[in-house]
Amino acid sequence: MTLAIKPAPVKKQVRVAAPQATAFRVFTAGFGTWWPASHSIGASPLKEAVLEGHAGGRWFGRLQDGTEAAWGDVLAWEPPARVLLAWRIGADWTYRPDLTTEVEVTFTPQGEATLVTLEHRLLENMGPAGQGARARFDSEGGWGALLDLFAAAAARQA
């Protein structure tokens, strides 16, 4: 009998100094205003990060050479409370349309602020490389740092 280790989901939270609707709007429609150019895939540098605001939409990078680099798609769209994204980038940082890991982001009102919770799960779908990918997502430059960039952008727009 062979046992496989299932990587635990990466879960990060940030308290955003903005109402729920603003936080949701900045995270989604304003995605390109806070997503850093350093976090992209493709042969050319990132020009703009895009998240299409509807179930079945895409999230991707528009690159400086005019091409697009797919990252995944929008599985659920529930403004202003939740968005669920398919992350289809393998542990080798290439797009894999056959791969599905999930990034769920929830927006919970807390008075005038919003608690934003991000969970990246199903990392076992990456196979043996899933544990290493999990370590990168949970690292200093991973999801936590991205949420901090988002929170700063949302606070500026509150």
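In what sense do strand S3 (residues 58-63) and strand S4 (residues 68-78) pair, and over how many bridges? The two strands pair in the antiparallel sense over 5 bridges, where pairing requires at least two DSSP bridges between strands and strands are DSSP runs (E) of at least two residues, numbered from the N terminus. Within this pair, Phe60 has Ala70 of S4 as its bridge partner. The model is predicted, with local features needing pLDDT of at least 70 and side-chain atom pairs counting only at pLDDT 80 or more, while totals for chains, interfaces and linings use all residues. Residues are numbered from 1 along each chain as its sequence is written, and side-chain values use heavy atoms, leaving out hydrogens and water.

Stepping back to the whole sheet, 7 strands form an open, antiparallel arrangement in the order S1-S7-S6-S5-S4-S3-S2. Strand S1 (10-16) and strand S2 (46-51) are the edge strands, each pairing on one side only. From one strand to the next, the twist averages 20°. Helix H4 lies across S1, S3, S5, S6 and S7, at about 20° to S1 (contact: heavy atoms within 4.5 Å; axes: lines fitted to C-alpha atoms, for helices over the stretch in contact, with angles from 0 to 180 degrees between N-to-C directions; helices: DSSP runs, H or I, of at least four residues).
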